[in-house]
Structures are given as structure tokens and as C-alpha cells.
Amino acid sequence: MTATTASSVPASQQSRVTPMRVAKVVVLLALLIGIPPLVDSPFITRVFISALMLGTIAAIYDLMIGYAGLINFGYAGFLAVGAYGSALASFHYGISPWAGLLIGGVLTGAVGFVAGIITLRLKGLYVALMTFFTGEAIRYTISNTPDFTRGMQGLSTAPFTDILGLDFARENLLNYYFLLLVLAGIIMGLLAWLVNSRIGLAFKALREDQLATQSLGLNTTKYKLYNFTIASFLAGIMGAYYAHYIGILSPTRHEFGVPRTVEILTITYVGGRGSLWGALFAGFLLIGFQEYFRGLGPWRLVLFGSLLIFVMLFARRGLAGLKKYVW
Amino acid sequence: MDYSMLLEPGILAQVLSQGLVRGSMYALMASGLSLIFGIMGVKNFAHGELFMLGTYVMFFALAVLGLPFPLGILLAAVVLFFVGMGIERTLIETLRKRAGRDWLLDAFVLTIGMMVVLQNLAQIVFGSDRRGVTGLIEGTFVSGSIVISYERIMIVCVAALVGVLLWAFLAFTNFGKAIRATSQDPDAAQTLGIDIARIYTLTFGIGAALAGLAGALLISIYPAYPTVGFQPVIKSIACVILGGLGYVPGAIVAALLLGVIEAYSVFFMASGWQNVLTAGLVVLILIFRPAGLFNSAKVERA
């Protein structure tokens with residue numbers, strides 16, 4: 001039991017700012033900003049986009065599971081709401097993808113809010129089951145309404161329109177990467193601020209001991225609802241970005257079903273629950289690995305699953321457990 | 001569409017038998033899931049992969065070894081019993097010992113990992129071909145306009161027999177009593193000298209055997225392929241929720257109901273909407289009766 005408590009409270013909270021750490025952050029940022037334009041290979045840029053995108057999505061997931069103990073097992077369905085919300089808005093009503101980012105966020109936030117109101121009175125596993133069925137219902141609804149969403153035929157999405165003199169035609173991958181850097185920066189900043197705020201403290205308290213938190217007079221359901229809604233809103237933004245980056249959406253299992261949720265969940269767990277930044281590192285590690293071993297086919301997923309099992313059993317803090325050696 | 005045709009005995013019997021066959025499969029799956037949940041608190045998301053392994057054992061028993069089908073079904077149940085016990089001993093017990101207080105949520109994630117690994121290993125070993133065996137029993141039962149294949153009757157009968165055996169095992173044997181005691185109060189059971197770790201292993205084995213048996217029994221409808229377990233596991237999770245988490249009889253009733261409802265729903269909606277229907281039903285139940293349809297027990301609310 002002491003092990004659990006120790007593993008779920010990362011030592012990062014009292015992180016001090018030392019010159020060494022500042023230097024490390026600067027180097028990492030420089031690599032992040034510098035590598036894709038310097039290497040200038042579409043393949044590398046795509047890998048960086050996938051890694052940063054899924055890493056950020058996994059960090060948002062960490063807000064739910066790592067900071068409040070809520071498993072959203074229909075997460076991919078929530079991403080689908082953001083992706084399809086924005087894509088359909090531009091497809092049917094000609095709304096700019098830039099506004100679509102917000103539309104995707106608001107729609108998914110609304111779904112999260114409603115699902116949250118329904119679910120969050122209940123305990124752990126019920127949340128997982130409820131969100132799972134919500135996610136599946138979303139996905140099946142998309143595939144069953146081909147007149148509106150084009151279903152399994154796939155919905156082609158508009159690229160972002162040019163802005164500030166930047167050309168967002170799809171072949172300008174680097175601009176998509178920089179846009180993602182900005183989005184990820186804003187979202188990660190927001191998450192970091194949130195988990196260190198008073199609200200974040202409440203999240204951690206209710207994850208550690210719900211009853212004790214309640215007896216201190218905190219309305220735990222309310223805080224869970226905040227957590228869930230905010231996470232869904234941010235996930236929706238990422239979903240909308242994904243839609244306009246990827247070019248075509250279809251409600252398959254691998255894109256918006258269980259395998260995608262498992263992929264994100266693995267990134268979060270490998271990064272280390274409740275570590276927030278760990279998810280980004282795990283994103284680059286796992287997606288990089290996945291792209292490098294494209295030829296492995298199904299072995300790739302076997303390795304993903306085994307890694308998840310291994311982390312669950314033997315490395316419960318994930319990559320964040322290595323922090324004391326390198327940070 | 002003319003709904004009056006639904007009342008013709010021939011069509012009624014057709015749809016009902018189809019619904020009961022589906023329902024039997026859901027019931028076998030759901031009772032295993034519910035047993036594991038009721039006793040260990042673990043929600044086994046890899047249950048569909050145990051079903052999948054059952055279909056492969058059955059296929060190889062029949063098509064490669066040339067065994068008669070009752071032996072194939074038995075073999076699937078036995079093999080999966082040991083696979084289940086092995087999984088519990090190596091993975092789930094390790095987790096239970098290491099994770100402490102909140103291990104159940106972690107166990108759920110662990111079974112997700114197991115699902116991914118088993119599914120893709122099957123993909124690697126067997127490829128994605130569908131390997132089915134049809135016509136376990138030839139012939140149909142005919143009475144007036146009612147026509148039902150003997151195979152459907154066999155499936156429902158075997159499932160019912162297994163249900164009765166399971167009930168008798170839990171009600172009358174010492175192991176069964178120890179299992180029930182553990183589900184009521186693990187600490188008290190341990191004080192009375194019951195080896196909890198052994199009960200957990202056995203329970204997981206039985207649940208896995210039921211899943212394997214379901215897979216073997218339905219080989220002619222669900223051929224063996226790596227992702228065959230996905231629909232059955234979703235539906236049986238739904239039944240477990242509808243019947244009340246951990247309450248086996250409730251899960252069985254819910255399974256039969258869901259099977260029949262799904263069979264009938266084909267008349268009213270395009271087949272793709274069945275999954276939305278199931279998911280919608282579950283969501284409604286979780287909102288209004290989170291303890292399930294037939295369970296008066298209280299749900300732990302947050």
C-alpha cells in the first residue's frame with residue numbers, strides 16, 4: 001500500500017528551477033523545434049507530428065486517469081466527436097477549420113460534460129464501462145449515418161486555410177508541425193497550470209482518498225466533472241487538428257475504437273501516471289519505435305500490449321520512474 | 001413493412017430460436033465474466049480473447065485431429081480452464097500483490113494489455129483467415145410451419161446443461177461453497193481456512209473455461225479468427241451490467257433477453273444499429289438502475 005502511494009505521487013511537485021534543468025528544457029525544446037526543419041524529410045516530420053499529437057492526447061488522458069483516477073475507456077470516441085465535429089462543420093456548412101478547432105473542443109466538451117453528469121456519481125469501473133459504451137455508441141452512430149458523415153466510405157476533410165501568410169496546403173507538412181507545436185504548447189501549459197492549481201490539488205486528493213476528500217467538505221463529483229469536461233474539451237481540439245491534418249476520417253476501430261484508446265492508454269501508462277510530461281516522452285518513444293518497426297505488422301501491437309502489462313506489473317511509475325536519474 | 005408477419009408461428013420460431021442461440025452464447029460468456037467479477041472484482045476485458053482461443057481449439061480438434069464435436073467442446077473447455085488458471089497465477093496474482101489498494105482499476109488495464117497481446121499473437125500464428133466448421137449436426141426439426149435446425153437446439157441445450165452444472169457446482173460442492181464464501185467476505189473466508197489465492201485461480205479458470213466452451217459451441221456461427229471475440233465480449237459485458245455486476249443469474253437472464261431483442265430488432269432497424277441499441281440500453285441502465293435490472297444490491301456510489 002505504501003508502494004502505491006509512493007508510486008502515484010511523483011516527486012515533481014516541488015520541482016525547483018535550477019540552471020541545469022533550464023538548460024535541459026532549452027535543449028529539448030531546441031530539438032523539438034529544430035529537428036524536423038533541419039532534417040527536412042516528410043517521413044521524419046510525419047513521425048514528429050504523430051508522436052507529439054498522440055503524446056499530447058495521452059497527456060490530456062493523464063489529467064483524467066493520473067490525476068483523478070478516472071478511466072475514460074471510450075476516449076477514441078471522444079476524439080471522433082472533435083474530429084467529425086470540425087470536419088462536418090467545414091464539409092456541410094463551410095466553416096473554417098480554424099473555427100473548427102474550437103467547435104471540436106466545445107462539442108467534445110459538451111459530450112464529456114453530459115457523460116460526466118451521468119457517470120461520475122458512480123465509482124471507478126462503472127466510469128470505464130460507461131465511457132466505453134458511450135465511445136462505441138458514438139462510433140457506430142457515425143458509421144450508421146452515411147448520408148451525413150459518409151460513414152465507412154470516409155469523409156475527406158479540408159486543409160487549414162492560409163493564415164498569417166503561412167501556406168497550409170497539405171504538402172507543407174512543416175507548417176502543420178509548427179501549428180501542432182503551438183497547440184501542444186498551449187495545452188501542455190494549461191494542463192501544467194491546472195494540476196498545480198488549487199483545483200489540481202483537489203483532483204489529487206480525490207484520487208488518493210475519495211472519502212477523506214469528501215469529509216473535508218470538497219464536492220468530489222463536481223471536481224470530477226470539471227476534470228472530465230476540461231479533458232474532453234482539450235481532446236476535442238486535438239481531434240479537430242487530427243481531422244484537418246490527416247485528410248480523411250473513417251469510423252474504423254483502429255482509428256476511433258478500442259485499439260486507438262489502448263494505444264493512448266499505453267502511452268500514458270508508459271509515460272507514468274500522474275506525471276503529465278511523461279506522456280510526451282512516451283509518445284516520442286513509442287510512436288518513434290512504431291514507425292521504425294513498421295514492417296513488424298502485428299508484432300508491433302504485441303509489443304505494445306506486453307509493454308503495458310510490463311509497466312502495470314513491474315514499472316508502475318513508467319518513464320517518470322527514471323526521472324531521478326536524468327532530471 | 002407488414003409487421004403482422006412477425007406473428008406467424010414459423011417466423012416467430014425462427015427468430016426466437018436464433019435469439020436464444022445468441023442468448024446462450026452471451027449467457028455462457030456473461031456468467032463467466034460475472035463470476036470473475038463477483039468473486040475477484042476483476043473486470044476481464046480479455047474475455048473475448050478466451051472465447052477466440054476456444055474457437056481455435058475447436059477448429060483444430062475437429063478439422064485437424066478429427067475428433068467428434070462433443071470431445072472438441074470438452075477439450076476447448078479444459079484447455080481454456082488451464083489457460084485461465086495460468087493467466088491468473090502469473091499476471092493477475094502478481095498485480096494483486098504489487099498494486100495494493102486500488103488494484104482493480106489496474107487489473108482492468110492489465111486485461112486490456114492481455115487482449116491486445118492475445119489478439120495479435122493469434123494474428124501472427126494463425127493469420128486472419130476465418131476457419132469455421134459447419135454442420136456439427138445435420139437435419140432440422142419440422143412441425144407444421146415451424147422449422148428449427150437441430151444444431152440450434154443442441155447449442156441451447158448444451159448451454160442450459162452447463163448452466164445447471166455450474167449452479168450445482170456452486171451450490172453443493174465444497175469448492176463451490178468456498179467460492180461463494182469468498183465472494184461474500186474474503187477476509188472472513190480466509191479466517192476460516194479457505195485459501196483465497198487458490199479460489200481466485202480456480203474462479204478465473206472456470207470463467208475462462210466457460211468462455212472457451214462458448215467459442216467452441218458456436219464455431220459454425222462464429223468461425224475462428226483473431227478478432228472474433230470482440231462482439232461477444234462487448235455484448236456479454238453489456239449483459240453483466242444489465243443483470244447487475246457480479247450477479248450471475250441476472251447476467252444469464254439479461255443475456256437471453258438481449259439475444260432475443262437483437263434477433264427481433266433486425267426487423268425494425270438496419271443491422272448496424274443493433275450495436276447502438278445495445279450500447280444505448282446499457283447507458284440507460286447505468287443511469288437509472290446502476291445495480292442492474294434484477295439486483296437489489298446497492299451500488300457503491302462515488
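In helix H8 of chain A, the buried residues are A:Leu173, A:Tyr176, A:Tyr177, A:Leu179, A:Leu180, A:Ala184, A:Leu191 and A:Val195. Buried here means that 20 or more other C-beta atoms lie within 10 Å of the residue's own; exposed means 12 or fewer, partly exposed is in between, and C-beta atoms are placed from the backbone. This is a predicted model, in which local features need pLDDT of at least 70 and side-chain atom pairs count only at pLDDT 80 or more, while totals for chains, interfaces and linings use all residues. Residues are numbered from 1 along each chain as its sequence is written, and chains are lettered from A and ligands numbered from 1 in the order in which they are written.

Back to H8(A): its buried residues pack against helix H2 (19–39), helix H3 (42–68), helix H9 (198–208) and helix H11 (220–246) of chain A. Helices (H or I, at least four residues) and strands (E, at least two) are DSSP runs, numbered from the N terminus, and a contact means that two C-beta atoms, placed from the backbone, lie within 7 Å. H8(A) covers residues 173–196, and its end C-alpha atoms are 34 Å apart, in agreement with the 34 Å that its 24 residues should span at 1.5 Å a residue. The expected span is 1.5 Å times one less than the number of residues. Helix H4 of chain A (residues 75–93) works out much the same way: its 19 residues reach 27 Å from the first C-alpha to the last, close to the expected 27 Å. H4(A) is mostly covered, with 16 of its 19 residues buried. Just after this helix, A:Gly94 takes a positive phi of about 65°.

Another positive phi, near 60°, turns up at A:Leu276, a residue other than glycine. A:Leu276 is in the loop between helix H13 (258–271) and helix H14 (278–292) of chain A.

As a whole, chain A has 16 helices and two strands. Its radius of gyration is 19 Å, close to the 20 Å that the globule rule gives for 327 residues, so chain A is as compact as a globular protein of that length. The radius is taken over C-alpha atoms, and the rule is 2.2 Å times the number of residues to the power 0.38. Along the principal axes, the C-alpha atoms of chain A fill a box of roughly 50 × 45 × 40 Å. Buried residues make up 51% of the 327 in the chain. Of the contacts in chain A between residues at least 6 apart in sequence, 77% join residues at least 24 apart.

The largest nonpolar core has 202 residues, and those with the most contacts inside it are B:Leu80 and B:Leu213. H3(A) gives the largest share of this core, 16 residues. Such a core is a set of buried Ala, Val, Leu, Ile, Met, Phe, Trp, Tyr and Cys residues joined through C-beta atoms within 7 Å. Leaving out residues up to four places away in sequence, B:Leu80 touches B:Leu50, B:Leu53, B:Gly54, B:Ala208, B:Ala209, B:Ala211 and B:Gly212.

B:Arg22 sits in helix H1 (residues 9–40) of chain B. This arginine is buried, because 23 other C-beta atoms lie within 10 Å. Beyond residues up to four places away in sequence, B:Arg22 touches B:Gly259, B:Glu262 and B:Ala263. B:Arg22 and B:Val260 are 238 residues apart in sequence, yet 7.6 Å apart in space, C-alpha to C-alpha. B:Leu281, in helix H11 of chain B, counts as partly exposed because it has 18 C-beta neighbours inside 10 Å.

Where the chains meet, the contact takes 42 residues from chain B and 41 residues from chain A. On the chain B side, helix H3 (69–99), helix H4 (103–126), helix H9 (230–243) and helix H11 (273–288) each supply at least two residues. H4(B) gives the largest share of that side, 15 residues.

How confident is the predictor? pLDDT, its confidence in each residue, runs from 0 to 100. Chain A averages 81, with 93% of the residues scoring at least 70. Over residues 1–14 of chain A the pLDDT is below 50. The mean for chain B is 83, and 93% of its residues reach 70 or more. For the complex, the predictor gives an ipTM of 0.80 and a pTM of 0.83.

Technical notes
pLDDT = per-residue confidence, 0-100.
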